[in-house]
There are 6 protein chains.
Amino acid sequence: MRPSGRAPDEMRAITIETGFTKHAEGSCLISFGDTRVLCTASVEERIPPWLRGKGQGWVTGEYSMLPRATHTRGSREAAKGKQSGRTQEIQRLIGRSLRAVCDMEKLGERQITLDCDVIQADGGTRTASISGAWVALRMAVNKLMEAGAIKEDPLTAKIAAISCGIHQGTPVLDLDYVEDSNADADANFVLIEGGQIAEVQATAEGATYDEEGLLRLLRLAQMGCAEIFKAQDAATK
Amino acid sequence: MRPSGRAPDEMRAITIETGFTKHAEGSCLISFGDTRVLCTASVEERIPPWLRGKGQGWVTGEYSMLPRATHTRGSREAAKGKQSGRTQEIQRLIGRSLRAVCDMEKLGERQITLDCDVIQADGGTRTASISGAWVALRMAVNKLMEAGAIKEDPLTAKIAAISCGIHQGTPVLDLDYVEDSNADADANFVLIEGGQIAEVQATAEGATYDEEGLLRLLRLAQMGCAEIFKAQDAATK
Amino acid sequence: MRPSGRAPDEMRAITIETGFTKHAEGSCLISFGDTRVLCTASVEERIPPWLRGKGQGWVTGEYSMLPRATHTRGSREAAKGKQSGRTQEIQRLIGRSLRAVCDMEKLGERQITLDCDVIQADGGTRTASISGAWVALRMAVNKLMEAGAIKEDPLTAKIAAISCGIHQGTPVLDLDYVEDSNADADANFVLIEGGQIAEVQATAEGATYDEEGLLRLLRLAQMGCAEIFKAQDAATK
Amino acid sequence: MRPSGRAPDEMRAITIETGFTKHAEGSCLISFGDTRVLCTASVEERIPPWLRGKGQGWVTGEYSMLPRATHTRGSREAAKGKQSGRTQEIQRLIGRSLRAVCDMEKLGERQITLDCDVIQADGGTRTASISGAWVALRMAVNKLMEAGAIKEDPLTAKIAAISCGIHQGTPVLDLDYVEDSNADADANFVLIEGGQIAEVQATAEGATYDEEGLLRLLRLAQMGCAEIFKAQDAATK
Amino acid sequence: MRPSGRAPDEMRAITIETGFTKHAEGSCLISFGDTRVLCTASVEERIPPWLRGKGQGWVTGEYSMLPRATHTRGSREAAKGKQSGRTQEIQRLIGRSLRAVCDMEKLGERQITLDCDVIQADGGTRTASISGAWVALRMAVNKLMEAGAIKEDPLTAKIAAISCGIHQGTPVLDLDYVEDSNADADANFVLIEGGQIAEVQATAEGATYDEEGLLRLLRLAQMGCAEIFKAQDAATK
Amino acid sequence: MRPSGRAPDEMRAITIETGFTKHAEGSCLISFGDTRVLCTASVEERIPPWLRGKGQGWVTGEYSMLPRATHTRGSREAAKGKQSGRTQEIQRLIGRSLRAVCDMEKLGERQITLDCDVIQADGGTRTASISGAWVALRMAVNKLMEAGAIKEDPLTAKIAAISCGIHQGTPVLDLDYVEDSNADADANFVLIEGGQIAEVQATAEGATYDEEGLLRLLRLAQMGCAEIFKAQDAATK
């Protein structure tokens, strides 16, 4: 039995509230249960120096937790003067994931930055971030297409992410904070609609797992992402 | 005529949504029109080193803008590795303001941090922060009193803040971004319920004003804060 | 009775020694009693990037305390690797104040930096800095006019600053360190010759004051600045 | 055909030269072909603050590239004043991997730091680092056991890491720099002797892969790690 | 002929104005011609962690140039967020030099920090700093002895520093900025009264010199330091 | 008797292994006894901004110790976020020394960076660095000449460095760590083949020395450098 009473393959409720802020070209507040992340997409008509003159664009991500998103207050990274290794790892993952479904030539010489700011944390903040960032990116790209700035849709597919783990010996889907703190192994999957894998980050500090265990986690993730793809669909139509 | 169509002494709509996040001891999302700030109060049973053993507590503030709270994306202070002078000035102001209405001996040896994170900016973010932070602080102190950790209420009064300015020759109340960008002079007042002044920060880079002008701005601020005190009352009862 | 024996509306002795350093285009060592600040004006034929091509100049300020300007040694900001919030707040104030009396188009495409380095501190370092910086700026602008680089005088008026406060219930002018440490309320006024107000920064962490109290402090400040304007006159003629 | 002429499941030559430096409690220079990493284990009789009094130890990793380990000189992180996101990601991975095979209670209240400094880079520096770090750790633990400081061996198994990827449509083992730069997908596996998985970090920025593809890469990794385990055995006996 | 018209072995005028600031336990404004450095000695009843419990004290130095001490304005190290290599080299030199004439056991468990802040620069700022710092240190130690905090004088001798160089083929003493910029070789000597050498820092980027050349520079330095010792004597008596 | 059993004027064994890494234009692993430094020369076809358009090149150095090069592990400067004063002092010395024997006009508009990374430390790391850096520089310049990029050899002479000190009253050559820790005085000499002096850095924190003492140390250094010149010769031919 999971602490939350959920079945092993049961996701938390997903909600996606689009247009949460008015300035961003795309934005949403995504919730995976009590985990809530504000995702915004900002379009800028400039690209990183190393891409200039190549006729292509760039998509990148930034991530942060508000200090009191968590059970106890964490110190503010801006005040400490540097981003933690964890923050940098997550924002690199967000950027790579979204680039996996974006054709940079069709995007043209512009940059889209996905900011994922965690308002409230209860496990799975990086996976909610990626899933919500896709919605914000979709909205921003739609706006560019409506304005005629982009001719062909650069987004090749939906992308979503979910965490799975082994909790008290059972593979479970979409870990909340209580499960995450006690999980023997923890894996984040970033999957593309249609069955392709974009990223796997599987870690076992306590228990380890074998090939069979990895496959079980992957299959749970496929179920979870199918639900997220539906929620993304509903939010962007 | 103001760009927004408001009368010179007319505030924007104020809304205060309490309990916006579940982990903080007190929290609210405060809006002054399109300016929206998430304010949380975090209670910690420790105090800064220089206060140890004096039998008193501390109240402090931190402030940040999400990168895309603004019309164009600003760079993230955590990524740049330092907080701007503006940020530091504002968070010092938030802390001083709330300390002006808190009896540190009654608070006891604990620290309350007010985090003010701007979700969306349209002028007046620092004044919305102070006004909302008081609500979060009130809620956190109530919780401490209910739990018996504090015997006597350390909060001596309500405190609120509002900006005023001279826009095209007319003194106006509660400037939005459009007015703020074009104002000849700009003043932020932090007022205590009952008529006392806690802080005045009046600046005139373009036009200047005389004693009479300063008084006019102060009287507008008194009108504005009266409205905020009512909204704070409604939110915390 | 004030600790120094001064009357409530009595300033400390003001001295301004011009030409204190030989390299700067303008310089003075200003003293408000035992508070001594070295102010230098540096002219550079370049402007910040965001002003390029607009046909106007810029005036900015920097502020620092020598480590042993104070009763006990403070650590050096260069060694700590960052400027405190207080330092940044003061240097922003210095820059804004001097820009309030300088016509940027008449100045032309050049930048003048006012460096205010506190040699000895006894209260009122920011107000002495602003008052002395005007003298250094006046000297630097005179030099540019003599050299024919500027045709019309860009300085529109004198500007000076003074602190006032409520000490043991009495409004007093030009607080020294002992008074400042015990003041119930503390206000810094930046005034323009002729009666206009450029900046008010009034703070009440302990006691607060009402409209009447603010006016009393303002009137003391007007008396104090009148004296400073005379000293600036004498120093620059 | 691979650029190096190797078969798809062919590793580069592995060499492990133990005792490469004399001060460290354990050290080796590990080579995967032209990739050479100096791994040292440093034992310190202190533990991180958050572990004090829990009767257990800690194992952590640090990683760096010498500026000219690469084809063109990279700037020195110490000179830039911060470690890149990539560096932090890798050193977190090294630490987690080695903790997966170390019983912290048997280690006792001491910390072992594995420093992995890349002398020459030709692809696979993180996997060579983990594989070599285990050898250095093994040597340091042996020394502690010989000295009687540790009674029971805290190392529960060997651990090794290898990269695999899809290069021009073919899954290949142990990518060198040329392959890595052109790979469609790239995965790093950290495997424990006996068949368990400690970490998977699979990334597909260009092409993606499905479940079947992930399994093929995992099986290549199992072959590669088997070879590394042999080399580790030879080096530590 | 030297640019200044001085003879090769002629020093610039030395003046030492003691008690330049009132808070420091010792202070002086030392001038070598137009080079002027404010030196203060601050006594603190605490020592660095690594010296605790050893019954001895510590003497250390810090150095900084005011931004407009020089011909053109240099950027402020506190604003840049780090001290230059040159600054660190000089402040390490100041500390080592003064420790060479101070018996740390007689000083007792306290630290004296010598702050050397260059008000105006015209070559030789590091040597003026060391020479002036000794005066400030002497005054601070005298104060400690008068107060009975120290029984035996910990200062074992006077110490002074001077620069020499080869300018257009001629060895010259006490280089000013014009000479320093064009010198073929440049050497700073820190000498102890009585003929001992504490430090030699001789550098030849352009021309080099042989053993004979080094000796000539040393002998010029001995002449220069003899004059400084006299000025130190006069200042501290 | 020296702790190592060496005669006062006896160097440790010098070995220079060229081509230690394959990417650098020049590289060697130099050993002075147990002190081992990896020196690489990197040629870049760009120069610092302040040299542009002057028709000359630049030579610079960087220095670092691997964390466990020493008896006990030191913290990594990249992790601390800044280079120590000692590191900066040494890398400035390396750059100046090599520039003393390089004709910048003959080098042409390119920069050569000498990276000196200490693999193992046993005293004399800066002198081994300079001596090895010359070998790497020689190799890189040879490569440029062979490729026809440089017409005339810009290297005017060999340069080498060695430490000397007074250990238990006796002047000794090439101090190892044990001697260095107990030396009364310590001097590093950078000498040019043919008898010229490029740099002297002599320090006496404990005992001091007179003119005669300095000369004795210089003569020991001349003997030591003669040996290093021979080793450099052998390595580069």
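## Basis

The model is predicted: local features need pLDDT of at least 70, side-chain atom pairs count only at pLDDT 80 or more, and totals for chains, interfaces and linings use all residues. Residues are numbered from 1 along each chain as its sequence is written, chains are lettered from A and ligands numbered from 1 in the order in which they are written, and side-chain values use heavy atoms, leaving out hydrogens and water.

## Chain relations

The same surface serves both: 100% of the contact residues of chain A recur in chain B. Contact means heavy atoms within 4.5 Å.

Some pairs do not touch. Chains C and D make no contact, and their nearest C-alpha atoms are 11 Å apart. Chains A and E are not joined by any contact either. Their closest C-alpha atoms lie 11 Å apart.

## Helix packing in chain C

H4(C) (residues 125–146) packs on H6(C) (residues 211–236) at about 30 degrees, with axes 10 Å apart. Helices are DSSP runs (H or I, at least four residues), numbered from the N terminus. Axes are lines fitted to C-alpha atoms over the stretch in contact, and angles run from 0 to 180 degrees between N-to-C directions. The two helices are therefore roughly parallel (angles under 35 degrees). The crossing is right-handed, meaning that the near helix is turned clockwise from the far one by less than a right angle.

From H4(C) come C:Ser131, C:Trp134, C:Val135 and C:Arg138; they meet C:Ile228, C:Gln232, C:Ala235 and C:Thr236 of H6(C). These contact residues divide into 4 nonpolar, 3 polar and 1 charged. Ala, Val, Leu, Ile, Met, Phe, Trp, Tyr, Cys and Pro count as nonpolar, Asp, Glu, Lys and Arg as charged, and the others, Gly among them, as polar.

## Annotated site in chain A

An unreviewed UniProt entry annotates A:Arg86, A:Gly124, A:Thr125 and A:Arg126 as "binding site". They span 41 residues in sequence, yet no two of their C-alpha atoms are more than 13.4 Å apart, so they gather at one spot. A:Thr125 lies in helix H4 (residues 125–146) of chain A. UniProt positions follow the numbering used here, feature names are shortened, and annotations may be inferred rather than shown by experiment.

Methods. Parallel < 35°, antiparallel > 145°, perpendicular 65-115°, else oblique.
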